[in-house]
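Work through these exercises with the model open beside you. Try each task before you read its solution.

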Amino acid sequence: MTYLDKAPYGSGNTPRDEEETVRHTPAMESALLAFMSVQEGPVGARAATRHLRECGFDLSESTVSRLLNDLDERALTQSLGRKGRILTEEGSRVAANQQLDSRRASSFAEALALRDVHDLIDHLVGRRGIEREAARAAALRARPEELTRLRAMVETTGEARWRERLAFHKLVGQASHNKQIQAISTTLFDERLDMLERLLIMIGIKQDALLRWDQEHRDIVASISDRDADGAERLMVVHLDGMIRETEHFANSGNAHVIHTLLAENDLA
Ligand SMILES: [Zn+2]
């Protein structure tokens, strides 16, 4: 069955509606480019349709033809008449980049799927490696307005402290102005991981460590403000070491199941 068969075509539908209903998606486009990039010769609309259906896309040959025309217009494919189409040099480049992107995305997704205490500890150890460099770079490169925001953050009280605890590490990563660190920390602090920060805060509360962690945030900001790179790096390591230690203690005092349940409930596993 094709997508066209399933589409709710009534007598009132205009050709414009049809256009809208069967529009191709970026995922189809990526799958088609990937398919064409591994073919020896030209690919026709029929073979392309067969392949896309095997990939699970429910579409008609006319949708695929429109997609191919669209790729022609963008100079990603080139028509060889009745034989079909081949990728242009630009098309091959785009296909290769998309495959790299999707491999990267799935390896990050796998890394961020935390299942148990060991995964959580490994995550914190990885953060310690990145964040010590982030704190060092932030001390050297943070802009005045970022220093102002960091100082305001660690001075917040009451309800707003919660938001600050979630946002602090993210902002230090951005203030590093090191593209590599920014890219990794953006992924580490993906909003899907807000729940993880909440879990760590819960551990901090149970372990009676939260006030100490808040003070460590203030100390790190003071070092960054003083442009003391060594100090900022050292204090960030102390901070992450503390979080790792408290997480281990919490898990070892019979609470590993609490962590497992929370990780599973929040779909991080
Ligand atoms: Zn912290």
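**Exercise 1.** Find the partner of E233 in a salt bridge, and say where the two residues sit.

*Solution.* Step 1: E233 pairs with R136, and their closest N and O atoms are 2.6 Å apart. A salt bridge here is a side-chain nitrogen of Lys or Arg within 4 Å of a carboxyl oxygen of Asp or Glu.
Step 2: E233 lies in helix α13 and R136 in helix α7, 97 residues apart, so the pair links distant parts of the chain. Helices are DSSP runs (H or I, at least four residues), numbered from the N terminus.
Step 3: E233 is buried at 12% relative accessible area. R136 is partly exposed at 24%. The cut-offs are under 20% for buried, over 50% for exposed and in between for partly exposed (1.4 Å probe, protein chains only).
Step 4: A network of salt bridges links R132, R136, D230 and E233.

Before going on, note the ground rules. This is a predicted model: local features need pLDDT of at least 70, side-chain atom pairs count only at pLDDT 80 or more, and totals for chains, interfaces and linings use all residues. Residues are numbered from 1 along each chain as its sequence is written, and side-chain values use heavy atoms, with hydrogens and water left out.

**Exercise 2.** Describe the salt bridges that R212 forms with E216 and E246.

*Solution.* Step 1: The closest N and O atoms of R212 and E216 are 3.9 Å apart. Both residues belong to helix α12; they are separated by about one helical turn because they are four residues apart.
Step 2: For R212 and E246, the closest N and O atoms are 2.9 Å apart. This pair links distant parts of the chain, with E246 in helix α13 and R212 in helix α12, 34 residues apart.
Step 3: R212 is partly exposed at 37%. E216 is buried at 13%, and E246 is buried at 8%.

**Exercise 3.** Which helix gives the most to the lining of the largest cavity?

*Solution.* Step 1: Know the term. On a 1 Å grid over the protein atoms alone, a cavity is a set of points where a 1.4 Å probe fits but cannot get out; lining residues have an atom within 4 Å of a point.
Step 2: The largest cavity holds about 90 Å³ of space, the volume being that filled by probe spheres set on the points.
Step 3: Its lining includes R165, W213, D214 and H217.
Step 4: α12 gives the most, with four residues.

Key
On a 1 Å grid over the protein atoms alone, a cavity is a set of points where a 1.4 Å probe fits but cannot get out, and a pocket is an open set with protein on both sides within 12 Å along at least five of seven lines; lining residues have an atom within 4 Å of a point.
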